Amino acid sequence: MKNYALLVLLTFGMMFNATAMTASETIKTRVVINKVDEFVKIKSSELTPPVIEEILKQYPTSKLGGAFKNDKGEFKLIMVLKSGTRKTVYIDQYGNWFNKK
């Protein structure tokens, strides 16, 4: 009799534990991924001529630390200023500067 009571208690315990595990797994699978304009690294040779002209005008003493491009044809440039600080700027393929929010 004692064994049957223990068996019943263990069965109920496993059922409630299994229910709790599936509820927590449901919460874990509700992850929303927002795709933002992703910039991928490119070589500096892939920059368009208007972009290069604007870089030379606006940052004549700076160096290009990194260049990135997204699907819209916009460039994210990391400029290394003469003082050694880095500045991130955004420019489109036609050489127009813009602020990224």
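Tutor: What follows goes from the overall fold to the core, then to the strands and the aromatic rings.

The model is predicted. The protein has two helices and five strands. From the N terminus the order is α-β-α-β-β-β-β. Of its 101 residues, 22% count as buried. The exposed surface comes to about 8400 Å², with 59% supplied by carbon and sulfur atoms. Take contacts between residues at least 6 apart in sequence: 42% of them join residues at least 24 apart.

Now the core. The largest nonpolar core has 11 residues: I42, L47, V51, I55, Y59, A67, F75, L77, M79, V89 and I91. At least two residues come from each of α2 (49-58), β3 (74-80) and β4 (86-92). The biggest share is from β3, which gives three. In soluble globular proteins, nonpolar side chains tend to be buried together.

Start with L77. Beyond its neighbours within four places in sequence, L77 contacts L47, V51, I55, L64, G66, A67, K87, T88, V89 and I91. Next comes M79, which sits in strand β3. M79 has a relative accessible area of 0%, so it counts as buried. With neighbours within four places again set aside, the contacts of M79 are I55, Y59, S62, K63, L64, G65, T85, R86, K87 and V89. M79 and A67 are 12 residues apart along the chain, and their C-alpha atoms are separated by 8.9 Å.

Next, the strands. Seven bridges join β3 and β4 in the antiparallel sense. Within this pairing, K76 stands opposite Y90 in β4. The two strands, β3 and β4, form a hairpin with five residues between them, and G84 in the turn has a positive phi of about 100°. On to β5 (residues 97-98): β4 pairs with this strand too, antiparallel, over two bridges. Here Y90 stands opposite F98. The hairpin of β4 and β5 has four residues between the strands, and its G95 takes a positive phi near 90°.

E54 lies in helix α2. Its relative accessible area is 16%, and because buried means under 20%, E54 counts as buried. The side chain of E54 makes a polar contact of 3.0 Å with the side chain of W97. Not counting residues up to four places away in sequence, E54 touches I91, G95 and W97. Of these, I91 is a member of the core, and G95 is the positive-phi residue of the β4–β5 hairpin.

Last, the rings. The whole structure holds three aromatic pairs. One of them is Y59 with W97, edge-to-face, at 6.0 Å centre to centre and 75° between the planes. This pair links distant parts of the chain, 38 residues apart: Y59 is in the loop between α2 and β2 (63-69), and W97 is in strand β5. Y59 is buried, with a relative accessible area of 13%. W97 has 29% relative accessibility, so it counts as partly exposed. The rings of Y90 and F98 also pair: their centres are 6.0 Å apart and their planes meet at 35°, so the pair is tilted. Y90 counts as buried at 17% relative accessibility, whereas F98 is partly exposed at 24%. Together with F39, Y90 and F98 form one aromatic cluster.

Definitions and conventions
Residues are numbered from 1 along each chain as its sequence is written. This is a predicted model: local features need pLDDT of at least 70, side-chain atom pairs count only at pLDDT 80 or more; totals for chains, interfaces and linings use all residues. Side-chain values use heavy atoms; hydrogens and water are left out. A nonpolar core is a set of buried Ala, Val, Leu, Ile, Met, Phe, Trp, Tyr and Cys residues joined through side-chain atoms within 4.5 Å. Buried means under 20% relative accessible area, exposed over 50%, partly exposed in between (1.4 Å probe, protein chains only). Contact means heavy atoms within 4.5 Å. Accessible areas come from the Shrake-Rupley method with a 1.4 Å probe; for residues, only the protein chains shown count as cover. Two strands pair if DSSP finds at least two bridges between them. A polar contact is a pair of N or O atoms within 3.5 Å; within protein, one must be able to donate a hydrogen and the other to accept it, and residues adjacent in sequence count only if both atoms are side-chain atoms. Rings of Phe, Tyr and Trp (its six-membered ring) pair if their centres lie within 6.5 Å; planes under 30 degrees apart count as stacked, over 60 as edge-to-face and the rest as tilted.
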